[in-house]
Amino acid sequence: MIISAESAAPPSDLSASESARSRPPPLLPPEPAKPHRVLALFNLSVPENIPLLLFPILFIPSLLLSVPTCYFMSAFSLTCILLSAHLAGYLFSRFLRLPALIGQLLTGILFAALLPAFTALPPPFFTIPLKTLSLAVLLIRAGLCIKLPTVRPHLSLAVALSFVPFLVEAVAVCGVSVVLLLTFPAAALLACLVGDVSPAVTTPILIELKAKYQRYEAVNTLCTVLLTSSNVNSVVAIHAFYIVFAITFNTGSPWVRVAIGIAEVVIGAGSGFFLGRLLRYVLTRPSPHPPSNLLSTSLLIMFCYILAAFGKLYNLSGGGALATLTFAVGFVNPKHCHTPPIAALPSRNGIDTDMISDNCRFLWVNMLETVLFSLLGTTIDFRTFSTSTFLYGLVIISCGVVARFASSFLCSHFFSRPRLHPKISAFVAIAWLPKATVQ
């Protein structure tokens, strides 16, 4: 008698195979819903993040409750400027393949040139809170990408890029300005202003580059070091400006200003890092009702805004900016540096720093970048310019750019361990060219 293989199979195997055939195929994950046309126009492709826009929107009604009715026109003019600038930024990035900030800046310049009375309507207590919020979110985005275990092996390169290009460019700009018949105090003040790098330009670009090539460790390390150095460079430039200002206008002893600057750095960095760790500890404690990512983002932005506003209120801009940056660094880095950051760990109690970083990016791209660059454009008045002033400024900027490019290239080549390739050093030098005129 011949027994087939099918009849020889155990009954259990037959039942298992039949159940496997009858089991429905696994469902595919649903495709993400396409954004509405209006939402796509304004890059609002994440509807869950729309409540984050309440941050800047709630500033204006809270101020309008305590001011005369005529300031409603100020709110209207500010809204028109911001909406026009955001639309221009979208058109520049979508059709011209240029950074959105160029369209936003040009929109502010056009409003100031064509409608000067309209751009003069928003008072400072409308614009200053929005600018401070923009600065706070920008520093949060930078701080969330700074990993201390990544920066520590390249500390010499980070310190060199924080100080050397600024000092070299400041000396070059000061010398050229004196040759162009400026007084030495005015030339020194101009050198401190021009010698800074622009975190508002470099930080978003480096973050996007880091996210795009996150599987390459070398790119992540380089972007992290550059993010750290660019923000420290801004703090150094701010303190140098205040020291030169005190010497020029006799507003106090320069040694007192130096001592205040050192105290700002120590207290600002220490307090911000400690408060960031404290907030991380509170949010990651075991709880039956864990906080959502939106609540974590809200708390992070609120505390960083308070630190930045406190620094501006008491003329401690450098300490406030440094405290805001280190707050985010303390929030994202673990207690023990040999363990990976919490962005790389499984989220505990609903805390996900990657999602928090995405929320901050959403807020920056859809509102605060427009606020910063459009309002900067409205402060430029070409009626006060002359041909000689423009040519002098062009010569000064050109000499400063050459000095900064050369010093940044040499720093990145000789202070890196191991030595960087000349092409990578050229990339670092190009990343160090944007100027920080916002502060």
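How many disulfides does a search of the whole structure find? The search finds 0, counting as a disulfide a pair of cysteine sulfur atoms within 2.5 Å.

Before the details, a word on the model. It is a predicted one, where local features need pLDDT of at least 70 and side-chain atom pairs count only at pLDDT 80 or more, while totals for chains, interfaces and linings use all residues. Residues are numbered from 1 along each chain as its sequence is written, and side-chain values use heavy atoms, with hydrogens and water left out.

1. **Cysteines.** A disulfide is a covalent bond between the sulfur atoms of two cysteines. For C174, the closest cysteine sulfur belongs to C192 and sits 8.5 Å away, too far for a bond. C174 is buried at 12% relative accessible area, and C360 is buried at 1%. Here buried means under 20% relative accessible area, exposed means over 50%, and partly exposed is in between (1.4 Å probe, protein chains only).

2. **Main core.** The largest nonpolar core has 38 residues, and V137, L144, L300, W364 and F373 have the most contacts inside it. A core here is a set of buried Ala, Val, Leu, Ile, Met, Phe, Trp, Tyr and Cys residues joined through side-chain atoms within 4.5 Å. Helices supplying at least two residues each include α9 (124–144), α16 (293–313) and α18 (353–378). α18 gives the most, with 12 residues. Helices are DSSP runs (H or I, at least four residues) and strands are too (E, at least two), numbered from the N terminus.

3. Leaving out residues up to four places away in sequence, F373 touches L101, Q104, L105, A200, V201 and W364; contact means heavy atoms within 4.5 Å.

4. The structure holds 3 salt bridges, each a side-chain nitrogen of Lys or Arg within 4 Å of a carboxyl oxygen of Asp or Glu. R141 and E208 pair up at 3.8 Å, N to O. That links distant parts of the chain, with R141 in α9 and E208 in α13, 67 residues apart. E208 also bridges to R361, where the closest N and O atoms are 2.7 Å apart; R361 is in α18, 153 residues from E208. Shared partners join R141, E208 and R361 into one network. R141 is buried at 3% relative accessibility, whereas E208 is partly exposed at 35% and R361 is partly exposed at 36%.

5. **The E169 pair.** E169 forms a salt bridge with R404, the closest N and O atoms being 2.4 Å apart. E169 lies in α11 (residues 155–179) and R404 in α19 (residues 387–414), so this pair ties together parts 235 residues apart in sequence. Both E169 and R404 are buried.

6. **Surface patch.** L87, L91, F95, L96, L98, I102 and L106 make a nonpolar surface patch of about 600 Å². Patches are made of residues with over 30% relative accessible area and no salt bridge, joining like charges within 9 Å and nonpolar side chains (Val, Leu, Ile, Met, Phe, Trp, Tyr) within 5 Å. Accessible areas come from the Shrake-Rupley method with a 1.4 Å probe; for residues, only the protein chains shown count as cover. α6 (71–95) and α7 (100–114) each supply at least two residues of the patch, and α6 has the largest share, 3 residues. L87 is in α6 and is partly exposed, at 36% relative accessibility.
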